[in-house]
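Please examine the sequence and the three-dimensional structure shown here. The briefing below treats selected features by topic.

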Amino acid sequence: MSNFETIVYEKKDSLAYITLNRPHALNAYNLRMRDELYEVLGALRDDPEVRVGIFRGAGERAFCAGADLAEFLTAPTPIVARQVRWERDVWGLFLSITKPLIAALHGYVLGSGVEIALCCDIRLASEDAQFGLPEPGLGIIPAAGGSQTLPRVVGGSKALEILLSGRWIGAEEAYHLKLVNRLVPRDELLPEAERLARKIAQFDPMAVSYAKQAIVRGLDLSLGEGLGLEGRLGCLVALRKE
Ligand code: COA
């Protein structure tokens with residue numbers, strides 16, 4: 001799993017580290033990274049040794065500065081792009097993973113950088129992190145689920161304001177908006193993510209996975225349906241213990 005050009009995938013004990021690795025381009029998300037991320041996500045999902053995934057960006061300056069603008073005009077036609085997406089739905093796969101995913105965010109977190117972070121369950125950010133969704137200013141809209149995941153996290157009104165204005169948000173504001181769970185000093189970002197991941201990894205993996213599913217899937221249900229889902233998942237966990 002190490003022969004990637006744009007991503008470093010490492011396993012340490014029960015943790016998987018996924019590092020976006022194009023620091024010369026502020027870890028901009030290109031087609032190669034899309035294909036490699038798809039492979040990495042499959043490995044993370046299917047490897048029973050992996051309990052928690054940590055996403056981070058290589059280099060000092062960015063988690064990810066969004067879609068690779070150098071590829072912007074050379075991207076495939078919408079028809080080809082749609083076909084690729086159908087065959088290889090990276091974002092659907094990302095959001096379907098039932099293991100806990102932690103994003104460790106620093107520096108520029110723009111466009112698809114924000115969207116990758118929003119596919120994770122817990123977002124930690126260092127105080128230098130800056131967030132933004134510049135898509136409408138480039139004549140496009142978010143393509144990695146951001147128009148759906150952002151309002152679910154910060155609420156519709158704030159999501160609209162952030163997306164439509166294109167303004168950037170500092171770490172402090174991102175914390176107040178609940179876009180990130182916790183702010184930490186830069187040198188504590190990875191250690192804090194690892195502490196949290198190790199703590200979660202100690203727990204029963206089925207209980208952790210079902211707790212995640214109860215919350216994530218429940219957000220799209222009515223309260224009554226959500227309570228039903230919780231009941232069914234709870235029974236499955238309890239039955240397994242009998
Ligand atoms: N795609 C491709 N390359 C990118 C990139 C992107 N989204 N963002 C940064 N880079 C590259 C730059 O071209 C530059 O490469 P070079 O050293 O070969 O010239 C390198 O990363 C460093 O970026 P630079 O612009 O010199 O740094 P900066 O500190 O002056 O500005 C940003 C940083 C993030 C403000 C600026 O790079 C930027 O606006 N990037 C585009 C963000 C964006 O619109 N993303 C698309 C979202 S849909």
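The points that follow concern a predicted model and cover its ligand surroundings, a helix and a group of aromatic residues.

**Ligand surroundings**
- A polar side-chain atom of Arg-61 is 2.2 Å from an oxygen atom of the ligand.
- Backbone atoms also take part: a backbone N or O atom of Ala-65 lies 2.9 Å from a ligand nitrogen atom, and a polar backbone atom of Ala-67 is 2.9 Å from a nitrogen atom of the ligand.
- On its own the ligand has 870 Å² of accessible area, and the protein covers 58% of this.

**Helix 1**
- Helix 1 comprises the 16 residues 31-46; at 1.5 Å a residue it should span 22 Å, which agrees with the 23 Å between its end C-alpha atoms.
- Buried residues in helix 1 include Met-33, Leu-37, Val-40 and Leu-41.

**Aromatic residues**
- The structure contains four aromatic pairs.
- Tyr-29 and Trp-91 form a tilted pair, because their planes meet at 45°, with ring centres 5.5 Å apart.
- Tyr-29 lies in the loop between strand 2 and helix 1, and Trp-91 lies in helix 3, so the pair ties together parts 62 residues apart in sequence.
- Trp-91 also forms a stacked pair with Phe-94, at 6.1 Å centre to centre and 10° between the planes.
- Trp-91 and Phe-94 are about one helical turn apart, because three residues separate their positions in helix 3.
- Tyr-29 counts as buried at 12% relative accessibility, as does Trp-91 at 9%, and Phe-94 is buried at 1%.
- Tyr-29, Phe-55, Trp-91 and Phe-94 make up one aromatic cluster.

Definitions and conventions
Residues numbered from 1 in each chain as written. Predicted model: local features only at pLDDT ≥ 70, side-chain atom pairs only at ≥ 80, totals over all residues. Heavy atoms only, no water. Polar contact = N/O pair within 3.5 Å; in protein donor to acceptor, adjacent residues only side chain to side chain. Areas by Shrake-Rupley, 256 points an atom, 1.4 Å probe, with all protein chains shown as cover. Helix = DSSP H or I, 4+ residues; strand = E, 2+ residues; numbered from the N terminus. Expected span 1.5 Å × (residues − 1). Buried < 20%, exposed > 50% of the residue type's maximum accessible area, 1.4 Å probe, protein only. Phe/Tyr/Trp six-rings, centres within 6.5 Å; stacked < 30°, edge-to-face > 60°.
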